[in-house]
Amino acid sequence: MDAIVAALIGLVGMLIAGGFVWLRSEIVPRLDRIEGRLDRMNERMDERFDDVSNLMRSQGERIARVEGREEAVTGG
């Protein structure tokens, strides 16, 4: 009787371990796909921030030129 109980406990343990291995094999590829999507989103955000930074720099340069002209006209 003890041998049967021990065998059943071993079988249940193997089934649980197999379940964890199967679950991991399902989860890891999904996490990799999510990570890839997040990387692409970060790249797009970096590009957009670069575009905004360039736009702000060009606007600042325009404002500086206009202010420089106004100072030259007013003599200040």
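Student: Is Ile16 buried, partly exposed or exposed?
Tutor: This is a predicted model, and within it Ile16 lies in helix 1. Buried would require under 20% relative accessible area and exposed over 50%. Because the relative accessible area of Ile16 is 48%, this residue counts as partly exposed.

Student: How far apart in space are Ile16 and Asp39, C-alpha to C-alpha?
Tutor: Along the sequence, Ile16 and Asp39 are 23 residues apart. From C-alpha to C-alpha, the separation of Ile16 and Asp39 in space is 34 Å.

Student: Which residues make the nonpolar surface patch that includes Ile16 and Leu31?
Tutor: Leu31 is found in helix 1, and its relative accessibility of 48% is why it counts as partly exposed. The patch to which Leu31 and Ile16 belong has an area of about 980 Å². Its members are Val12, Ile16, Phe20, Trp22, Leu23, Ile27, Leu31, Ile34, Leu38 and Met41.

Student: What is the distance in space between Gly19 and Leu8, C-alpha to C-alpha?
Tutor: Gly19 is a residue of helix 1, and it counts as partly exposed because its relative accessibility is 32%. In sequence, Gly19 and Leu8 are 11 residues apart, and the distance between their C-alpha atoms is 16 Å.

Student: Which residues form the positive surface patch that includes Arg44?
Tutor: Arg44 has its place in helix 1, and at 45% relative accessibility it counts as partly exposed. The positive surface patch that contains Arg44 is formed by Arg30, Arg33, Arg37, Arg40, Arg44 and Arg48.

Student: How far apart are the mean positions of the positive and negative charges of the protein?
Tutor: The protein carries 11 positive and 14 negative charges. When the mean position of the positive charges is set against that of the negative charges, the separation is 6 Å.

Student: What is the C-alpha to C-alpha distance between Met45 and Glu67?
Tutor: Met45 is located in helix 1, and its relative accessibility of 42% is why it counts as partly exposed. Although Met45 and Glu67 are separated by 22 residues in sequence, what is asked for here is their distance in space, which is 32 Å.

Student: What is the radius of gyration of the protein?
Tutor: The protein has one helix and zero strands. For 76 residues the globule rule gives 11 Å, and the protein lies well over that value, so it is more spread out than a compact globule. Taken along the principal axes, the box filled by the C-alpha atoms is roughly 105 × 20 × 5 Å. The radius of gyration itself is 32 Å.

Methods. Residues numbered from 1 in each chain as written. Predicted model: local features only at pLDDT ≥ 70, side-chain atom pairs only at ≥ 80, totals over all residues. Heavy atoms only, no water. Patch = residues over 30% accessible without salt bridge, like charges linked within 9 Å, V, L, I, M, F, W, Y side chains within 5 Å. Areas by Shrake-Rupley, 256 points an atom, 1.4 Å probe, with all protein chains shown as cover. Salt bridge = Lys/Arg side-chain N within 4 Å of Asp/Glu carboxyl O. Helix = DSSP H or I, 4+ residues; strand = E, 2+ residues; numbered from the N terminus. Buried < 20%, exposed > 50% of the residue type's maximum accessible area, 1.4 Å probe, protein only. Rg over C-alpha atoms; globule rule 2.2 N^0.38 Å. Lys, Arg positive; Asp, Glu negative; His and termini not counted. Charge placed at Lys NZ, Arg CZ, Asp CG, Glu CD.
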